[in-house]
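Please look over the sequence and the model shown here. A short report follows the display.

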Amino acid sequence: MAIPRFSSLLRCRKWAKSDWLVASIGCVLIVFFLSFFFDPTSDSVPSVDRSRPIISPSDLVKLKLSSVAKERGAFCLDGSLPGYHFHEGSGSGSQSWLVHLEGGGWCNTVASCSARALTKLGSSNYFEQEVAFQGVLSSDPSQNPEFFNWNKVAIRYCDGASFSGRPEAEFKNGTRLFFRGQLIWEAIIDELLSMGMSDAKQAILTGCSAGGLASLIHCDYFRDHLPKDAAVKCVSDGGYFLNVPDVLGNPTMRSFYHDVVNLQGVEKSLDQKCVAKTEPSKCMFPQEFLKNIRTPVFLVNPAYDFWQIQHVLVPTSVDPDKSWAKCRLNIKECDAEQIKVLHGFRSSMMTAIGEFHQNKDGGMFIDSCYAHCQTVMSVTWHSLTSPRIENKTIAESVGDWYFNRKPVKLIDCPYPCNPSCYNMNFT
């Protein structure tokens with residue numbers, strides 16, 4: 001069967017009138033959300049003020065291309081310099097750092113990587129010069145009460161392999177593709193260390209989607225390059241990808257990761273304890289290597305992750321008669337049998353995180369929303385209408401866990417039990 005092109009962006013869709021609330025967040029740097037919109041469930045609290053949030057000039061953070069990348073050989077897919085956005089911390093947060101890794105899928109063939117190199121997911125020539133820092137990156141204490149005054153960095157994603165590709169895998173036949181994700185990661189971290197992160201007292205590595213996976217892959221590296229007495233932890237948002245077959249029984253995701261690992265030479269960047277025991281591409285799945293991470297980890301993930309449902313569980317290639325078309329676009333359009341399949345996907349996630357649930361240092365917020373990447377949007381990170389479990393927002397839950405106020409192992413009841421969810425609607 002044909003493997004779907006995970007590297008391609010979701011197409012822009014027509015906005016529904018009820019969705020203008022989230023239009024203002026269109027500047028969010030996470031590529032997925034540049035073309036997504038939210039549709040509140042009909043059970044949302046009607047008295048909530050859904051007025052449009054105002055993005056002030058202070059929320060916009062300028063792009064900086066890496067000053068050490070060229071000498072380190074750290075290039076985007078097209079050979080351009082990688083970059084990041086940096087907002088300096090202040091006051092009590094001046095020695096605290098939050099580093100965020102952008103998401104945006106992967107590329108698994110020369111063709112898909114070549115196409116990606118002509119976009120902002122493969123070339124800094126297409127990066128926005130300014131992006132809005134929202135959610136966990138926000139400097140507004142009402143949106144980001146725990147980390148608003150920290151030093152905050154958003155590292156742009158332009159390599160196509162979760163910041164893990166290696167140059168020895170590059171073609172020597174004139175194909176102009178640079179597989180330098182690992183070098184990008186190392187170069188920018190070294191640059192941040194020289195900017196003051198080497199004196200950090202507190203630090204968090206986080207990321208969304210492919211960046212959420214990268215935050216797990218590089219979690220211990222991040223910990224090991226910061227002061228031993230610093231409080232360092234990692235938060236993966238929408239990065240817990242499952243090794244499950246699609247609805248026809250095909251190993252779509254496993255086959256795709258196999259191609260990514262082989263094409264971009266990712267094996268050496270993966271957990272070596274895992275690689276020693278199994279086929280390297282399996283070690284792209286967090287379930288296979290999470291137990292080997294020494295640094296405390298927090299998982300933010302919807303049990304009905306729409307990206308995985310649309311691309312892993314029910315890719316368009318396995319739905320020729322389009323019987324899943326409406327359901328894939330709007331979970332409220334799923335029939336009873338389709339909901340059973342989605343509940344089965346949730347059960348697979350519960351099984352996959354079972355061992356991690358016993359990790360005393362780990363934390364989790366697994367809601368029942370039809371969503372993907374919830375820390376980078378103020379409306380889902382921390383607002384009056386944010387998803388809640390046990391009356392806690394994601395921001396409050398991460399804060400309780402990071403500052404050791406209480407253990408946080410929050411798992412929502414099955415869909416559609418949570419009226420606070422923002423469920424994505426692509427119709």
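This is a predicted model: local features need pLDDT of at least 70, side-chain atom pairs count only at pLDDT 80 or more; totals for chains, interfaces and linings use all residues.

Residues are numbered from 1 along each chain as its sequence is written, and side-chain values use heavy atoms, with hydrogens and water left out.

**The sheet**

Helices (H or I, at least four residues) and strands (E, at least two) are DSSP runs, numbered from the N terminus. Two strands pair if DSSP finds at least two bridges between them. Ten strands form an open sheet in the order 5-2-3-6-4-7-8-9-10-11, with mixed pairing. Neighbouring strands are turned by 20 degrees against each other on average, direction ignored.

At one end, strand 2 (residues 60-65) and strand 5 run antiparallel and are joined by three bridges. Leu60 has Ala132 of strand 5 as its bridge partner. Helix 4 (residues 210-217) packs on the sheet and touches strand 4 (96-101), strand 7 (202-208), strand 8 (231-237) and strand 9 (297-302). Contact means heavy atoms within 4.5 Å. The direction of helix 4 makes about 140 degrees with that of strand 7. Axes are lines fitted to C-alpha atoms, for helices over the stretch in contact, and angles run from 0 to 180 degrees between N-to-C directions.

**Strand 9**

Buried means under 20% relative accessible area, exposed over 50%, and partly exposed in between (1.4 Å probe, protein chains only). Six of the six residues in strand 9 are buried. Val297, Leu299 and Asn301 point one way, while Phe298, Val300 and Pro302 point the other way.

Strand 9 runs parallel to strand 8, with four bridges joining them. Here Val235 has Phe298 as its bridge partner. Strand 9 also runs parallel to strand 10 (residues 363-367), through five bridges. Val300 stands opposite Phe365 of strand 10.

**Salt bridges**

A salt bridge is a side-chain nitrogen of Lys or Arg within 4 Å of a carboxyl oxygen of Asp or Glu. The count comes to 14. Three of them are tabulated.

| Pair | Closest N to O distance |
|---|---|
| Arg156 and Glu102 | 3.0 Å |
| Glu128 and Arg156 | 2.7 Å |

Salt bridges that share partners join Glu102, Lys120, Glu128 and Arg156 into one network. Arg156 is buried at 0% relative accessibility. Glu102 is also buried, at 0%. Glu128 is partly exposed, with 21% relative accessible area.

Arg156 lies in the loop between strand 6 (151-155) and helix 3 (181-194), and Glu102 in the loop between strand 4 and helix 2 (110-116), so their pair ties together parts that are 54 residues apart in sequence. Glu128 sits in the loop between helix 2 and strand 5, so its pairing with Arg156 ties together parts that are 28 residues apart in sequence.

In the remaining tabulated pair, Asp400 is buried at 8%. Arg405 is partly exposed at 46%.

**Asn418**

Is Asn418 buried or exposed? Asn418 counts as buried because its relative accessibility is 9%. Asn418 is placed in the loop between strand 11 (409-411) and strand 12 (422-424). A polar atom of the Asn418 side chain lies 2.8 Å from the backbone oxygen of Arg388. Not counting residues up to four places away in sequence, Asn418 touches Ser368, Arg388, Ile389 and Asp412.

Technical notes: A polar contact is a pair of N or O atoms within 3.5 Å; within protein, one must be able to donate a hydrogen and the other to accept it, and residues adjacent in sequence count only if both atoms are side-chain atoms.
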